[in-house]
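This report is for a reader who is new to the structure. It begins with the whole chain and then turns to single residues.

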Amino acid sequence: MKKEENEGAPAPEIEEDAAGLADPAERIEGLEAALVEQREAHLRAAAETENVRRRAQKQVSEAYGRGQRQIARELLAAIDSLELGLSASETASAEDLLEGQRAVLRQLLKALEPFGVEAMEPQGQPFDPELHEAVGMQPSASVEPQSVLSVMQKGYLMQGRLLRAARVVVCSGPPATEEPLPETE
């Protein structure tokens, strides 16, 4: 945009008569012309702002698409490994299949590393409702009360932010000791 468009159009010069006053009709015409120029400058500025917004939105959309394609490419190796494992499953031993599953899990976790995805290991840590979803409570003498006793489903962080909360069982405290019931005669 040109510098003079940013500053707006200067008011038109109006000739003044001998008494220092311009003809009212000429003055109105000059003001109307200035108003038209200002409207046009405003419309140009609004159009440029809309173009900048659309370009920015397009760039964000393209970056998002590139990220999705990159994730998909990273996961294809794991999919290939799973397909190979399935085709070999009839002749492979249970140990080979188990090792194949472990290898695919490692591939998947490695594929997510470049995106800042990391698994949380909350076992034994204090329960944090910001990171954990309690699915139950259970007494235990081996873990502090209000700590994670067991993990039902791992939680994940992505670039330090919660991606999925860990589903956990929380320790409710030590088990209650059973007192014998009083005998009745």
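## Overall make-up

Of the 185 residues of the protein, 15% count as buried, where buried means under 20% relative accessible area, exposed over 50% and partly exposed in between, with a 1.4 Å probe and protein chains only. The model is predicted, so local features need pLDDT of at least 70 and side-chain atom pairs count only at pLDDT 80 or more, while totals for chains, interfaces and linings use all residues. Residues are numbered from 1 along each chain as its sequence is written, and side-chain values use heavy atoms, with hydrogens and water left out.

The protein exposes about 14,800 Å², and carbon and sulfur atoms supply 54% of this area. Accessible areas come from the Shrake-Rupley method with a 1.4 Å probe; for residues, only the protein chains shown count as cover.

## Helices, strands and contacts

Three helices and six strands make up the elements of the protein. Helices (H or I, at least four residues) and strands (E, at least two) are DSSP runs, numbered from the N terminus. From that end on, the order is α-α-α-β-β-β-β-β-β.

Contact means heavy atoms within 4.5 Å. Among contacts between residues at least 6 apart in sequence, 62% join residues at least 24 apart.

## Residues of helix H2

Helix H2 covers residues 24-88, and Glu-32 has its place there. Because its relative accessibility is 47%, Glu-32 counts as partly exposed. Glu-32 also belongs to a surface patch of negative charge, together with Asp-23, Glu-26 and Glu-29. Such patches are made of residues with over 30% relative accessible area and no salt bridge, like charges being joined within 9 Å. A salt bridge is a side-chain nitrogen of Lys or Arg within 4 Å of a carboxyl oxygen of Asp or Glu.

Leu-76 lies in helix H2 as well and is partly exposed, with a relative accessible area of 44%. Leu-76 and Gln-107 are 31 residues apart in sequence and 9.8 Å apart in space, C-alpha to C-alpha. Leu-84 is found in helix H2 too; at 59% relative accessibility, Leu-84 counts as exposed. Between Leu-84 and Gly-100 there are 9.3 Å in space, C-alpha to C-alpha, and the two are 16 residues apart in sequence.

## A buried loop residue

Ser-147 is in the loop between strand S2 (132-139) and strand S3 (148-153). Its relative accessibility is 5%, so Ser-147 counts as buried. Leaving aside residues up to four places away in sequence, Ser-147 touches Gly-124, Gln-125, Pro-126, Phe-127, Val-169, Val-170 and Cys-171.

How values were computed. Patches are made of residues with over 30% relative accessible area and no salt bridge: like charges are joined within 9 Å, nonpolar side chains (Val, Leu, Ile, Met, Phe, Trp, Tyr) within 5 Å. Lys and Arg count as positive and Asp and Glu as negative; His and the chain ends are not counted. The place of a charge is taken as NZ of Lys, CZ of Arg, CG of Asp or CD of Glu.
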